[in-house]
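Subject: Structure handover

Hello,

Here is the structure I promised you. Please open it and keep it beside this email while you read.

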Amino acid sequence: MEPTPTPTPPPVPVPRPPPPLVSWIYLGICLLLFLPHALQGGPPDRYLLYGPAIAEGQWWRVLTANFEHVNSMHMLFNGLSIFSFGPVVERQIGSGRMLIVSLIAGLLSAATALALMWHYPSAGASGVIAGWLGLALPIAGARARKVLIQWTVLLVLVSLVPGVAWAAHLGGFVGGLVPGLLIRSAYRRTPTQPFRTFDRWALLLLVLATLAVVLVVAVHAGAQPGSVQG
């Protein structure tokens, strides 16, 4: 009698990663804000980061400037970065942490831009994107880190172009780098709980970034308006 063949077990379904909702929503809001003025010659003023206007009480600019873009090329480059890079980072850390890191990076980007470029209106998602880059560098593998270092060099070169809000890039990068270092430190101690330290400090980091904006505005409240920078 021939042995009964062992039945082949059914394939184990591989769970699909959750959709990168934060990245997609961020990109969608940026596009919705940009489309109404896509064909206009000048940037919209009411959403730009501008120190004197914020000192007069227009605090919404601190956040809306991270969504607004001043021309088609600006929107194109930042939109492609959000679309291609954002989901990669978000799937690594989860949507909740992605939202918190984006807020920290956006706030610290605004604080640095206001501190060093008070009189010059600026806008764009590049401060938040720089934060994602700062976050990804410490937690990436060796091969991916080489690519991210190249992106960092490119970010530095772009920041040196006249008219670019380099201070926003700097602040955003630092705003993402700190959470990235916390995640890496926790992973080295307890690889099964890489987000433990960041989760504990996330709210405090968010509060500190908010206080940084308030402090900078308070210090520069008496500054005089200057020329517009796109």
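The secondary structure of the protein chain comes to nine helices and zero strands. Helices (H or I, at least four residues) and strands (E, at least two) are DSSP runs, numbered from the N terminus. Along the sequence, the pattern reads α-α-α-α-α-α-α-α-α.

A word on the source. This is a predicted model, where local features need pLDDT of at least 70, side-chain atom pairs count only at pLDDT 80 or more, and totals for chains, interfaces and linings use all residues. Residues are numbered from 1 along each chain as its sequence is written, and side-chain values use heavy atoms, with hydrogens and water left out.

Now the whole chain. Of its 230 residues, 42% count as buried. Buried means under 20% relative accessible area (exposed is over 50%, partly exposed in between; 1.4 Å probe, protein chains only). Contact means heavy atoms within 4.5 Å. Among contacts with a separation of 6 or more, 78% are between residues 24 or more positions apart.

Next, two helix pairs. Two packed helices are described by the angle between their axes and the distance between the axes. Axes are lines fitted to C-alpha atoms, for helices over the stretch in contact, and angles run from 0 to 180 degrees between N-to-C directions.

Helix α4 (residues 72–93) packs on helix α5 (residues 95–116) at about 120°, with the axes 7 Å apart. That makes α4 oblique to α5. Angles under 35 degrees count as roughly parallel, over 145 as roughly antiparallel, 65 to 115 as roughly perpendicular and the rest as oblique. Gly 86, Val 89, Glu 90 and Ile 93 in α4 meet Ser 95, Arg 97, Met 98 and Val 101 in α5.

Helix α7 (residues 142–159) and helix α8 (residues 166–189) pack at about 160°, and their axes are 10 Å apart. So α7 is roughly antiparallel to α8. From α7, Arg 145, Thr 152, Leu 155, Val 158 and Ser 159 meet Trp 166, His 169, Phe 173 and Arg 184 in α8.

Phe 198 sits in helix α9 (residues 196–219). Is Phe 198 buried or exposed? Phe 198 is buried, as its relative accessible area is 0%. Leaving aside neighbours within four places in sequence, Phe 198 contacts Arg 97, Ile 100, Val 101, Pro 179, Leu 182, Ile 183 and Leu 205.

Best wishes
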